[in-house]
Structures are given as structure tokens and as C-alpha cells.
Amino acid sequence: MPNTTPAYTTLEQLQQRKEELRASLQGESQKIGELWHGLTAPKPDSSKGEMIASLVTNSITAIDAFLLVRKLMKTYGTIGNLFRRKKK
């Protein structure tokens, strides 16, 4: 495997490369900071229609998860008696 690291012969070359890397890292750090801020920034207030649509979507997701867990428990019986009916 050939060595792809450039050979530096003077201290000035090393300092120049160090500055290039520092500028590159600072630019990437700024991009990451902007992306992170975009992810964590509070969302603007939604209208009532959007709120109801979100509520319906979350409800459907919860019901789907519940049915999946119930089916898996019925098939494999791994979690125990959590969702089973008690026999009288």
C-alpha cells in the first residue's frame, strides 16, 4: 500500500498545511452547527388543522404499534401475561 501522505520539508509548509486544515475544520464545524440548529429549533405554531392531522397520525402510529406487540406476543408469548385476558 503506497504512502499518500505528502512529505513536508520545511516548517513553513507544515504551518501552511495546519492553517488549511484548521480553516477546513472550522467551515465544517459551522455547517454542522447550522444543521444542528435547524434540527433543534422550535417549530412555528401550527394551525388547528395541522394539529388535528398530527394527532390523528400519532394515534394511528400508537394503535399500529399496540397491534404489532399484541400479535408478536400472541405468536411468540415472550412478554408474559401483559395483554392476555385472565381466565375466571
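How many helices and strands are there in the protein? The protein has 2 helices and 0 strands, where helices (H or I, at least four residues) and strands (E, at least two) are DSSP runs numbered from the N terminus. This is a predicted model, in which local features need pLDDT of at least 70 and side-chain atom pairs count only at pLDDT 80 or more, while totals for chains, interfaces and linings use all residues. Residues are numbered from 1 along each chain as its sequence is written, and side-chain values use heavy atoms, with hydrogens and water left out.

**View 1. Overall surface of the protein.** Of the 88 residues, 1% count as buried; buried means under 20% relative accessible area, exposed over 50%, and partly exposed in between (1.4 Å probe, protein chains only). The protein exposes about 9,100 Å², of which carbon and sulfur atoms supply 60%. Accessible areas come from the Shrake-Rupley method with a 1.4 Å probe, and for residues only the protein chains shown count as cover.

**View 2. Salt bridge between E20 and R17 in helix 1.** The closest N and O atoms of this pair are 3.6 Å apart; a salt bridge is a side-chain nitrogen of Lys or Arg within 4 Å of a carboxyl oxygen of Asp or Glu. Both residues lie in helix 1 (residues 11-40), 3 residues apart, about one turn of the helix. E20 is partly exposed at 43% relative accessible area, and R17 is also partly exposed, at 34%.

**View 3. Salt bridge between R22 and E19 in helix 1.** The N to O distance is 3.0 Å, and the two residues are 3 residues apart, about one turn of the helix. R22 is partly exposed at 42% relative accessibility, as is E19 at 45%. The whole structure contains 2 salt bridges.

View 4. M51, I52, V56 and I60 make a nonpolar surface patch of about 390 Å². Patches are made of residues with over 30% relative accessible area and no salt bridge, like charges being joined within 9 Å and nonpolar side chains (Val, Leu, Ile, Met, Phe, Trp, Tyr) within 5 Å. I52 is found in helix 2 (residues 48-76). Just after helix 2, G77 takes a positive phi of about 60 degrees.
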